[in-house]
Amino acid sequence: MKKIFITIPWFSPAFKAGGPVQSIANLVNELTEGYEFYIFCSNTDLHGLPLHITETDRWCSYNAWTKVWYAGKADRSKNLVRQVEVVKPGRLFIIGLFDWHFNLVPLFFCRQVNKVLSVRGMLHPGALSQKPGKKKSFLQLMKWLGLPNRTVFHATDETEAGYIFRQFGAGSIIYEAGNFPRQIGAGPVNAKTNGLLRLVSIGIVSPMKNTLLVLQALGKCSDTIHYDIFGPVKDTTYWDHCLQEIKLLPSNIKVRYHKEITPDQVPGKLYESHVFIMPSKSENFGHAIYEAMNAGLPVITSNFTPWTELKEHKAGINLPTETQEIAKAISFFAAMGQENYDQWRAGALAYAENAVDEEKLRKAYGVMFGGKNDE
């Protein structure tokens, strides 16, 4: 039995932090045989909002092979180090780079355990451009302390492995293992008429997701477009700019902001829409993008996600993060009638179905989580 101790700032029922939470939830739901998972996380969601949980600072059952420790603020780091000592895992799987309690403490203070550092898209140039001073200082500290020589890395694909090599050198030891996506499946067909488009975004509202750019692009569209935004606001100043842009939009564009929704609400909101849009500056995986295609929605996204060559498969459109290009893509889908749209809907479903080899993923994680210290 392989004991895997996972440290992550947030975990289910937290959901507002997006991708990493979904990635780990999917992981422990898919790797059902031969593993024991111990997940150490905070007892809050993004922005410190309390979770609806019954117990804190003790191990709670998540599923038959997974326990979760929802850590309160008091003695959080001390408890983490202590529980690693008690559990004696074969692997300490550290999710993320820049959080003190859940990334730095296990890196610096957990001894005599094999560590795998999962960078989760945080070394992408687009991600490093956000709060660059803090991130640059930490990466320099890691190198100065020699941690890259004592830690192996997890990359979700070859591109991310390249970012790790760029930061920490060609001698870095890297395991590549992709993410398990959540399977939603096709829902009821939403009627599509020429000149009308129901557009949707589900995810954190932030500069990384380019919400403002979408709103600016909508101002250049002449069709009737209903745009629904679901997700927590990460940057209030940025959202203020978005609100100002919404006020400037012409009458043919209707924008509604709904705040965040829970994962079980996502399929219904997708089924009410025609096209998913998220032209991110970077995506390590982009669970929301995959889930949209898996639900039968073509997607509009950037060239900085793992989901490429979308147009060739009639699954969506990859584009530069430029207002005019986004406006053209939105107008392209808005002009469609039902017959043409159904072809793109089928393309999105087929693309999602063929994009993930779950057996290959299980083998990749088996290699990464294997080793002489496993029990």
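This is a predicted model: local features need pLDDT of at least 70, side-chain atom pairs count only at pLDDT 80 or more; totals for chains, interfaces and linings use all residues.
**Reading terms against their definitions**

User: What span does helix 2 reach from its first C-alpha to its last, and what is expected?

Analyst: Helix 2 covers residues 76-87, which is twelve residues, and its span is 16 Å, close to the 16 Å expected at 1.5 Å a residue. The expected value is 1.5 Å times one less than the number of residues.

User: Why is Val84 called buried?

Analyst: Val84, whose place is in helix 2, has a relative accessible area of 5% and is therefore buried. The word applies under 20%, while exposed means over 50% and partly exposed lies in between, with a 1.4 Å probe and protein chains only. Other buried residues of helix 2 include Leu80, Val81 and Val87. Leaving aside its neighbours within four places in sequence, Val84 is in contact with Phe5, Pro89, Leu92, Cys110 and Val113, where contact means heavy atoms within 4.5 Å.

User: What makes strand 2 largely enclosed by the rest of the structure?

Analyst: Seven of the eight residues of strand 2 are buried, so this strand is largely enclosed.

User: What makes strand 1 and strand 2 a pair?

Analyst: Two strands pair if DSSP finds at least two bridges between them, and strand 1 and strand 2 have six, running in the parallel sense. One example is Ile4, whose bridge partner in strand 2 is Phe37.

User: Why are strand 3 and strand 8 called edge strands?

Analyst: Eight strands form an open sheet with mixed pairing, in the order 3-4-2-1-5-6-7-8. Strand 3 and strand 8 each pair on one side only, and these are the edge strands. From one strand to the next the twist averages 25°. Helix 2 packs on this sheet, touching strand 1, strand 2, strand 3, strand 4 and strand 5.

User: What is the order of the six strands in the open sheet with parallel pairing, and which strands stand at its edges?

Analyst: The order is 11-10-9-12-13-14. Strand 11 and strand 14 each have a single partner strand, so one side of each is left without a neighbour in the sheet.

User: Why are helix 3 and helix 5 called roughly parallel?

Analyst: Their axes come within 12 Å and cross at roughly 10°, where axes are lines fitted to C-alpha atoms, for helices over the stretch in contact, and angles run from 0 to 180 degrees between N-to-C directions. Angles under 35 degrees count as roughly parallel, over 145 as roughly antiparallel, 65 to 115 as roughly perpendicular and the rest as oblique; helix 3 and helix 5 are therefore roughly parallel to each other.

User: Which residues of helix 3 and helix 5 make the contact?

Analyst: Leu104, Leu107 and Phe108 of helix 3 meet Phe138, Leu141 and Met142 of helix 5. They divide into six nonpolar, no polar and no charged. The nonpolar class holds Ala, Val, Leu, Ile, Met, Phe, Trp, Tyr, Cys and Pro, the charged class Asp, Glu, Lys and Arg, and the others, Gly among them, count as polar.

Notes: Residues are numbered from 1 along each chain as its sequence is written. Side-chain values use heavy atoms; hydrogens and water are left out. Helices (H or I, at least four residues) and strands (E, at least two) are DSSP runs, numbered from the N terminus.
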